Amino acid sequence: MKLTLRVWRQRNAEEPGAMATYEVDNISADMSFLEMLDTLNEELTLAGDEPVAFDHDCREGICGACSLVINGDAHGPERTTTCQLHMRSFSDGDTIDVEPWRASAFPVIKDLVVDRSSFDRIIQSGGYISAPTGTAPDAHATPVPKPDADFAFEHAECIGCGACVAACPNGSAMLFTSAKVNHLNVLPQGAPERETRVLDMVARMDEEGFGGCTLTGECATACPKGIPLPSIAAMNKEWLRATRKVRR
Amino acid sequence: MTRTLWDSTVGKKTIMAVTGLFMLGYLVAHMVGNLKIFFGPGEFDGYAHWLRTMGEPILHYEWALWIVRVGLVAAVVLHGVSAYQLSRRDIKARPAKYVHKRPRASYATRTMRWGGIILALFIFWHILDLTTGTVHTSFEAGHPYQNVIDTFSTWYGNVIYIVAVLAMGLHVQHGFWSAAQTLGVGNATRDRLLKTLANILAAVLTLGFISVPVAVMTGVVS
Ligand code: HEM
Ligand code: SF4
Ligand code: FES
């Protein structure tokens with residue numbers, strides 16, 4: 001198929017950017033969205049132009065590196081990561097808008113690449129967990145009730161892509177932070193720092209300049225891993241419990 | 001703990017949720033009280049008088065009413081200041097808009113800020129109209145029945161009141177459910193129940209409040 005792409009181009013963090021228009025032809029429906037961009041970049045390189053910079057790594061939907069807002073939707077029209085989005089979701093002759101994640105806590109570095117180290121700092125502020133290395137521990141060494149294990153696993157699925165922030169009209173990181181907090185706080189391994197973890201991670205989240213939650217729900221709609229909106233309520237509950245227990 | 005609450009986005013939302021629910025409780029009582037207008041001036045004016053003697057003899061005349069008023073002013077101020085500060089922060093966190101726009105969120109969710117501002121303006125007008133009588137055409141203290149009839153005999157009285165009540169309904173619809181999430185009461189199994197409760201509350205409050213101007217306009221109450 002033949003497509004018109006309108007892509008955000010920005011040389012570096014300092015200079016202002018703008019949308020640039022490109023035509024791509026001979027795009028197969030079986031290509032992933034990133035392979036389609038690779039095709040564009042090959043053409044740009046051959047023509048002596050600067051290729052479009054975008055983040056990607058595993059291209060398997062597990063690392064959380066890919067990050068594009070496609071036609072106004074974080075990760076595009078399907079509920080998956082950009083690398084797992086295929087061109088069959090589009091039709092011949094379509095015009096597709098491609099923009100970077102937008103949030104002041106995710107500044108643009110170049111073109112479609114944003115700096116998501118604010119997420120790393122939120123994780124770091126959560127502190128220690130016991131993570132034994134070496135041989136796998138016995139499965140029954142630390143008993144975990146099934147509902148808790150399921151709850152933890154549901155939240156452990158978060159790949160830290162930042163689509164939730166990109167989709168949120170307030171640039172809020174509540175869904176991401178709640179996934180991280182809930183994952184560890186429900187498990188015995190995370191119990192020793194249950195209170196400080198949620199207090200510190202929420203405080204760090206605020207310091208990084210993310211917005212507050214207005215329970216709009218755009219985050220959960222955009223999340224490729226299906227982290228549900230009630231996760232935020234669960235984190236609020238943990239936070240309120242911790243403020244009552246810990247004197248600061 | 002006060003500092004932790006006030007300095008955190010989650011804490012400030014908690015303050016909004018608690019003050020919001022307090023105002024909501026007041027609105028339910030206020031709406032039910034208003035319905036007494038359908039039983040004539042004797043009942044309505046008598047009820048207004050009782051509001052002033054309530055709490056006696058432990059409390060003096062009007063003390064209970066003033067306690068409620070102080071609580072409400074505190075709630076409105078805390079709620080409004082938190083809303084302002086959080087909104088400023090939210091706008092700053094998302095400075096660049098997407099070039100490709102698409103409709104986002106429900107109407108009730110999108111109108112929380114403008115709806116809140118309309119409510120704040122209405123609260124001012126409402127007090128100047130039916131409590132102090134400052135902007136009323138023919139206010140007489142102690143005769144609320146007649147004052148209400150007069151307010152709803154002007155076109156602007158009806159327009160202002162009905163617009164504010166509709167804004168209130170939308171605000172409550174998203175606000176009640178939101179407050180449950182903020183306070184950590186919401187979860188996946190309770191979600192439908194909470195949304196239904198929010199819809200019922202919003203509908204009952206809206207219909208209850210609007211019934212009064214509609215009754216005056218149609219002559220059911222005169
Ligand atoms: C002074 C006028 C008011 C203003 C400016 C205002 C503004 C707002 C705003 C902007 C929000 C959303 C805040 C956010 O999500 O970050 C909100 C939430 C809320 N409002 Fe109001 N509002 C006002 C009056 C009221 C009244 C009269 C009620 C009583 C029914 C009320 C009940 C609520 C509730 C329950 C919430 C949800 C709190 C939460 O999300 O946890 N508000 N208000
Ligand atoms: S919560 Fe979902 S959208 Fe947000 S970072 Fe995690 S996986 Fe990505
Ligand atoms: S590139 Fe790893 S999730 Fe898309």
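Visitor: In which loop is Pro57(B) found?
Guide: The peptide bond from Glu56(B) to Pro57(B) is cis, with omega near 5°. Helices (H or I, at least four residues) and strands (E, at least two) are DSSP runs numbered from the N terminus. With that naming, Pro57(B) sits in the loop between helix H3 (41–53) and H4 of chain B.

Visitor: Before we go on, what are the ground rules for the numbers?
Guide: This is a predicted model, where local features need pLDDT of at least 70, side-chain atom pairs count only at pLDDT 80 or more, and totals for chains, interfaces and linings use all residues. Residues are numbered from 1 along each chain as its sequence is written, chains are lettered from A and ligands numbered from 1 in the order in which they are written, and side-chain values use heavy atoms, leaving out hydrogens and water.

Visitor: How many helices and strands does chain B have?
Guide: Along the sequence, chain B reads α-α-α-α-α-α-α-α-α. Its C-alpha atoms fill a box of roughly 55 × 45 × 35 Å along the principal axes. The count for chain B is nine helices and zero strands.

Visitor: Which chains surround ligand 1?
Guide: Taking a residue as near if one of its heavy atoms lies within 4 Å, 24 residues surround ligand 1, and Lys13(B), His79(B), His171(B), Ser178(B) and Thr182(B) are the closest. The shell has 14 nonpolar, eight polar and two charged residues; here Ala, Val, Leu, Ile, Met, Phe, Trp, Tyr, Cys and Pro count as nonpolar, Asp, Glu, Lys and Arg as charged, and the others, Gly among them, as polar. The site is shared between chains, because the residues around ligand 1 come from chains A and B.

Visitor: Which helix gives the most to the shell around ligand 1?
Guide: In chain B, helix H2 (9–34), helix H4 (63–93), helix H6 (112–131) and helix H8 (155–182) each supply at least two residues of that shell. With seven residues, the one that gives the most is H2(B).

Visitor: How far is a polar side-chain atom of His79(B) from a nitrogen atom of ligand 1?
Guide: A polar contact is a pair of N or O atoms within 3.5 Å. Lys13(B) places a polar side-chain atom 2.7 Å from an oxygen atom of ligand 1, and Thr182(B) places one 2.7 Å from an oxygen atom of ligand 1. For His79(B) and the nitrogen atom, the distance is 2.8 Å.

Visitor: What is the strand order in the open sheet of chain A?
Guide: Two strands pair if DSSP finds at least two bridges between them. Seven bridges join strand E1 (residues 3–9) of chain A to E2(A), and the two run antiparallel. The edges are strand E2 (18–24) and strand E4 (73–74) of chain A, each pairing on one side only. Five strands with mixed pairing give the order E2-E1-E5-E3-E4.

Visitor: What area is buried between chain A and chain B?
Guide: In the interface, 44 residues of chain A are in contact with 36 residues of chain B. Buried area is the accessible area (1.4 Å probe) that two parts lose on being put together, summed over both. Carbon and sulfur atoms give 56% of the total, which is about 3200 Å².

Methods. Polar contact = N/O pair within 3.5 Å; in protein donor to acceptor, adjacent residues only side chain to side chain. Contact = heavy atoms within 4.5 Å.
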